[in-house]
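Let's take a friendly look at the pockets and aromatic contacts of a protein model. Have the structure open as you read along.

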Amino acid sequence: MSKYVAAIDQGTTSTRCIIFDHGGNIIAVDQKEHEQIYPKPGWVEHNALEIWERTQEVMKGALAKASDPPSGTSQYSVTSDQIAAIGITNQRETTLVWDRKTGKPIYNAIVWQDTRTDVICNELAKDGGQDRLRSKTGLPLATYFSGPKIKWILDNVEGARAKAEKGELMFGNMDTWVIWNLTGAHVTDVTNASRTLLMDLNSLDWDDELLQLLTIPRSMLPEIRSSSEEYGKAKIILEGVPVSGDLGDQQAALFGQTCYSAGEAKNTYGTGCFMLMNMGEIPVPSKSGLLTTLGYKIGDQKAVYALEGSIAIAGALIQWLRDNLGLIQSSAEVEPLARSVEDNGGIYFVPAFSGLYAPYWKSDARGVIAGMTRYVTKAHIARAALEATAFQTREVLDAMEMDSGVKLKALKVDGGMVYNELLMQFQSDILDVPVVRPKVAETTALGAAYAAGLAVGFWKDYDELRANWGRDKEWSPKMDAKQREGLYSGWKNGCAKGFFNVKEFLIVQGDR
């Protein structure tokens with residue numbers, strides 16, 4: 001009898017495999033990091049073959065840990081025939097093109113943070129502006145999305161366009177790459193397809209006009225399926241187990257947080273930071289700089305849409321403090337360092353390393369630390385780095401409430417940064433709403449597991465999934481309104497400096 005569901009979480013910095021029981025509890029987890037490749041300023045790539053190797057390793061590792069738990073630490077002894085299904089969740093928009101015959105990528109995967117396609121996006125925006133495709137796709141023209149990345153590969157890799165036009169190349173976000181290697185099926189789900197600038201939000205199909213605009217052959221594209229159905233059976237490691245769930249990482253977290261009713265929202269604090277609000281079965285256009293996107297589609301049920309506020313840099317800023325500046329030795333050190341001072345010392349850290357995403361969509365914005373004086377120490381910089389994530393979330397929530405007309409009562413949170421108590425309290429203070437962390441914070445993998453399990457009858461319905469959700473901790477706002485709005489105003493001024501510093505730099509250089 002099947003007792004468990006496995007989820008593969010292919011993220012920006014690492015890949016994990018987590019095995020869950022029927023109660024949504026973690027039985028075993030294995031995780032491997034992969035290399036971050038920076039060929040030029042603004043360029044970010046991954047080696048897709050390395051990622052596939054890591055995927056296989058973590059599948060084997062999680063199964064081994066579940067099959068032979070350390071003495072006295074677990075009552076479980078899991079065998080592969082007890083796994084009911086496999087769910088996939090992935091870093092969205094990261095773009096890969098590979099050869100249909102050899103199965104080898106023709107270029108590294110271009111990561112969602114990469115900004116090399118700004119010239120393509122700016123050229124397309126000359127006719128109709130940045131929002132010319134919003135009515136069909138729900139998205140602005142931005143370097144974030146997959147379509148311009150595909151075009152860049154076809155235009156810049158020798159022989160790629162000729163091969164694509166002959167039907168010899170395949171495209172996929174990382175979910176497609178993993179599923180194809182696992183099962184041989186060339187598929188994606190509606191949530192990942194909605195991040196390409198190539199899918200019509202209403203038809204849930206690739207749009208010929210958009211494909212023509214970006215000069216992308218339709219033959220490259222995977223079949224768009226629901227987020228919960230069988231795509232094929234695994235051919236290796238968990239042989240014969242159906243792969244039956246597929247959700248982009250942020251939609252998976254929405255699903256894992258059981259945000260199944262319109263108006264419910266979650267925020268995930270990972271490499272970036274992403275707030276999604278369930279908007280029901282009708283897409284809601286954004287007038288405030290948010291994305292209209294697919295939330296999920298379960299089997300033959302109607303698709304559920306969401307509003308999303310995407311923030312490019314959150315946890316990645318803490319990694320930058322560690323790896324680039326050497327300010328801390330490990331990410332865990334940032335909280336005690338930030339707590340060693342009472343406030344940010346008057347500085348604001350705007351981490352526009354890849355431009356600014358929602359609600360600005362300014363690809364030419366650049367990171368700044370505003371308000372520097374001799375008084376400032378590395379502790380103030382650490383505190384300002386944490387606060388940057390909370391301020392960006394406030395901007396997204398303001399936009400979300402404006403677009404949706406829904407006043408948020410509480411924010412469900414997940415991701416690695418939710419164990420930073422200082423950040424969570426400041427987040428509650430700056431939003432003026434309670435912030436709630438669930439018992440199982442690995443909601444991205446859990447959402448993929450839920451989608452896979454629903455497809456095979458492991459879980460019956462949403463009510464059964466809701467019953468699994470439990471509150472771990474809640475933070476309530478303690479800051480008075482005057483202090484809150486004063487801090488937020490300082491942040492807004494810092495963002496303005498991020499917008500203008502590039503132009504100012506160019507003017508100064510030109511005057512030399």
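The questions below concern a predicted model.

Q: Which helix gives the largest share of the lining of the largest pocket?
A: This pocket has a volume of about 980 Å³, and 41 residues line it. Elements that each supply at least two of the lining residues include β2, α9 and α14. The largest share, four residues, comes from α10.

Q: How many charged residues are in the lining of the second largest pocket?
A: The second largest pocket holds about 640 Å³ of space. Of the 23 residues that line this pocket, Tyr38, Gln113, Ala316, Trp320 and Asn324 are the closest to its centre. The lining divides into eight nonpolar and 10 polar residues, and the charged ones number five.

Q: What kind of aromatic pair do Tyr296 and Tyr462 form?
A: A search of the whole structure finds 23 aromatic pairs. For Tyr296 and Tyr462, the ring centres are 6.4 Å apart. Planes over 60 degrees apart count as edge-to-face. The planes here are at 85 degrees, so the pair is edge-to-face.

Q: Is Phe349 buried or exposed?
A: Phe349, in strand β19, pairs with Trp320 in helix α10, 29 residues apart. Trp320 counts as partly exposed at 24% relative accessibility. The cut-off for buried is under 20% relative accessible area. With a relative accessible area of 3%, Phe349 is buried.

Q: Over the face of which residue does Arg116 lie at 3.7 Å from the ring centre?
A: The charged end of Arg116 sits over the ring of Trp152, 4.6 Å from its centre. At 3.7 Å from the ring centre, Arg116 lies over the face of Trp43.

Technical notes:
Residues numbered from 1 in each chain as written. Predicted model: local features only at pLDDT ≥ 70, side-chain atom pairs only at ≥ 80, totals over all residues. Heavy atoms only, no water. 1 Å grid on protein atoms, 1.4 Å probe; cavity = no way out; pocket = protein on both sides within 12 Å on 5 of 7 lines; lining within 4 Å. Points joined across faces, edges and corners; volume = space filled by probe spheres on them. Nonpolar A, V, L, I, M, F, W, Y, C, P; charged D, E, K, R; others polar. Phe/Tyr/Trp six-rings, centres within 6.5 Å; stacked < 30°, edge-to-face > 60°. Buried < 20%, exposed > 50% of the residue type's maximum accessible area, 1.4 Å probe, protein only. Lys NZ or Arg CZ within 6 Å of the ring centre and 35° of its normal.
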